[in-house]
Amino acid sequence: MNLKLIGSSLIIAGTALGAGMLAIPMVLAQFGLLSGTILMLIIWSGTTYSALLLLEASIKVRGGLGMNTIAKQSLGKGGQLITNGLLYALLICLLMAYIIGAGDLVHKMVLNLGLDISLVQSQILFAVIAGGIVAAGTGVIDKLNRVLFLLMLAVLIITLFALVPNMSLAHFFTATNDNSIDLIKTSAVLFTSFGFFPVIPSLVSYNDKATHAQLRNMVLVGSLIPLVCYLLWLYAVVGSLSYEQLTQFNNVSELINVLATRFEGIHVILSLFTGLALLTSFFGVALSLFDQNIDLFKQNRAVTYVLTFILPLFGAIFAADKFLAVLSYAGLIMVFIAVFIPMMMALNLRKAEGKTQTAISNDAYYEVGGGQIAMMVCFGFGLFLIGAQVI
């Protein structure tokens, strides 16, 4: 893999690695590391397979930066409308959450510098500057994201090493909750933690000279990085704190405060990690929406810049309370847009190839392994995720 493909893998990983990573130990610790690890591996496997299906559809369509063109050519106008509606609902809600969170961080940082600006002004400042970077193109985001992601990994490594001296192996073999239903309910948190799929069409277009094997490896590496980070963080926190402590926390800030008693500088380090994770996730999601708008509206980058960020920004400023409530449904929306729709795209394109008895073109032919059995398992995975959010 060349630097461009490595950078693309880091964009995938950065999109997945969000501030929600800090909450993973809080939801999994009570079930024990074995059950938590198995569930995370199941979620990662299903999510990665679905992402490869979207990669297959992106390669075969050979056009369009966003899912709009892929849906149009593989699902028809009705499927295109449904795909666009679900995708916009998800991406706009996510961007609103990122603008709210990043605006708060910018506000605190500016106040520490002695400047007096409001929270709304901080949100606008972040959206304008970060949005401008997104509008500059995937190449700019790629290079910047490499630096940000390496910083984020360095911060995570420092945190892990800081926690190791106080870890207790006894914590690894203790479980306080053996309720399978409660464990399944945590799937929603884990699934959204691997929500990197929207950026794949953009990266396929960005790496237009790459081979199919390179693109596949790009997705696999990009998904493996957050998996390893999540597992290491889970083990470090569970080894450092007792299950009684972890189950008493009501929010992530309480977890950070308790860890800060073990290591003096960890509060600053985890705050820095949260900020970096928020920024890399914002870039991935915003790039997906920006390229989707280019694909759908066919406007220049200046107009697309306004179209992309105007709704999330106004939502963050004027309707934060209402839209944050909608975020509770983001996981359910993601199941359809990240699992079922890529599956239908790939199936329809494969059927089209079968009818003509030839691939769409020799250089556009790519198919994820596993055949019909893997598709059936993927369908079951989607039903499992829906069930996890409604039980």
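# Helices and buried residues in a predicted model

Met 345 has its place in helix H16, residues 330-356. The model is predicted.

Q: Why is Met 345 called buried?
A: Buried means under 20% relative accessible area. Met 345 has a relative accessible area of 0%, so Met 345 is buried.

Q: What does Met 345 touch, not counting residues up to four places away in sequence?
A: Met 345 touches Leu 54, Ala 57, Met 67, Ile 70, Ala 71, Ser 74, Leu 75 and Thr 83.

Q: Why does His 107 count as buried?
A: His 107 lies in helix H4. The limit for buried is under 20% relative accessible area. His 107 is at 18% relative accessibility and therefore counts as buried. Leaving aside neighbours within four places in sequence, His 107 is in contact with Ile 117, Ser 118, Leu 119 and Ser 122.

Q: How do you know that the span of H1 agrees with 1.5 Å a residue?
A: The 14 residues of H1 should span 20 Å, and the end C-alpha atoms of H1 are 20 Å apart, so the two values agree.

Q: What makes H1 mostly covered?
A: In H1, 11 of the 14 residues are buried. Among them are Leu 5, Gly 7, Ile 12 and Ala 16. The buried residues of H1 pack against H6, helix H9 (200-206), helix H10 (212-240) and H13.

Q: How do the axes of H1 and H6 cross?
A: The axes of helix H1 (residues 3-16) and helix H6 (residues 138-163) come within 9 Å and cross at roughly 65 degrees. The crossing of H1 and H6 is left-handed. On the H1 side the contact is made by residues including Leu 3, Lys 4 and Ile 11, and on the H6 side by residues including Ile 141, Asp 142 and Phe 149. The residues of this contact divide into 6 nonpolar, 4 polar and 3 charged.

Q: Why does Asn 293 count as buried?
A: Asn 293 is found in helix H13. With buried set at under 20%, the 2% relative accessibility of Asn 293 means that Asn 293 counts as buried. Leaving aside neighbours within four places in sequence, Asn 293 is in contact with Tyr 88, Lys 298, Thr 304, Leu 307 and Thr 308.

Q: Why does Lys 298 count as exposed?
A: Exposed means over 50% relative accessible area. Lys 298 is at 59% relative accessibility and therefore counts as exposed. Lys 298 is found in the loop between helix H13 (266-297) and helix H14 (301-318).

Q: What is the phi of Lys 298?
A: Lys 298 has a positive phi of about 55 degrees although it is not a glycine. Most residues other than glycine have a negative phi.

Q: How do you know that the span of H14 agrees with 1.5 Å a residue?
A: The 18 residues of H14 should span 26 Å, and the end C-alpha atoms of H14 are 26 Å apart, so the values agree. Phe 309 and Pro 312 are among the buried residues of H14.

Note on methods: Residues are numbered from 1 along each chain as its sequence is written. This is a predicted model: local features need pLDDT of at least 70, side-chain atom pairs count only at pLDDT 80 or more; totals for chains, interfaces and linings use all residues. Side-chain values use heavy atoms; hydrogens and water are left out. Axes are lines fitted to C-alpha atoms, for helices over the stretch in contact, and angles run from 0 to 180 degrees between N-to-C directions. Helices (H or I, at least four residues) and strands (E, at least two) are DSSP runs, numbered from the N terminus. A crossing is left-handed if the near helix is turned anticlockwise from the far one by less than a right angle, and right-handed if clockwise. Contact means heavy atoms within 4.5 Å. Ala, Val, Leu, Ile, Met, Phe, Trp, Tyr, Cys and Pro count as nonpolar, Asp, Glu, Lys and Arg as charged, and the others, Gly among them, as polar. Buried means under 20% relative accessible area, exposed over 50%, partly exposed in between (1.4 Å probe, protein chains only). The expected span of a helix is 1.5 Å times one less than its number of residues.
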